[in-house]
Amino acid sequence: MIYKVLYQELPEEIPVRERTKSVYVEGESLRQVRKKLNERKYNIEYIHEMDEAHLDYEKLSDDFKVENI
């Protein structure tokens with residue numbers, strides 16, 4: 001399963017839409033994705049499980065890259 005993670009790079013930073021970044025992570029569950037990203041100390045706003053239609057749309061972007069942590 002692929003998840004889209006929206007986050008702020010600094011854990012103490014207040015979420016601001018203009019500074020929100022995203023990363024695509026492959027994992028078996030939401031819990032596993034959170035555990036994998038724990039060492040990066042991100043301020044995670046939201047983790048979205050990608051369905052097939054959304055994933056196909058995101059693949060059209062030049063910035064699409066799945067991280068297998």
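In this predicted model, K4 faces H48, a residue of strand β3. That pair belongs to an open sheet of four strands, with mixed pairing.

**Sheet**

- Across the sheet, the strands follow the order β3-β1-β2-β4.
- The edges are formed by β3, covering 43–49, and β4, covering 66–67, each of which pairs on one side only.
- Strand β1 spans residues 2–8 and is joined to β3 by six bridges.
- The two strands β1 and β3 run antiparallel.
- In general, the strands of a sheet pair through backbone hydrogen bonds, in either a parallel or an antiparallel way.

**Helix on the sheet**

- Helix α1, made of residues 30–37, packs on the sheet and touches β1, β2 (21–26) and β3.
- The direction of α1 makes about 145° with that of β3.

**Nonpolar cores**

- The largest nonpolar core has eight residues in all: Y3, V5, Y7, V23, V25, V33, L37 and I47.
- At least two residues of this core come from each of β1, β2 and α1.
- The strand β1 gives the most to this core, namely three residues.
- Leaving aside residues up to four places away in sequence, V33 is in contact with Y3, V5, V25, G27 and I47.
- Another core, of five residues, lies apart from the largest one and includes I2, Y24, M50 and F64.

Conventions
Residues numbered from 1 in each chain as written. Predicted model: local features only at pLDDT ≥ 70, side-chain atom pairs only at ≥ 80, totals over all residues. Heavy atoms only, no water. Pairing = 2+ DSSP bridges. Contact = heavy atoms within 4.5 Å. Axes fitted to C-alpha atoms, helices over the stretch in contact; angles between N-to-C directions. Core = buried A, V, L, I, M, F, W, Y, C linked by side-chain atoms within 4.5 Å. Buried < 20%, exposed > 50% of the residue type's maximum accessible area, 1.4 Å probe, protein only.
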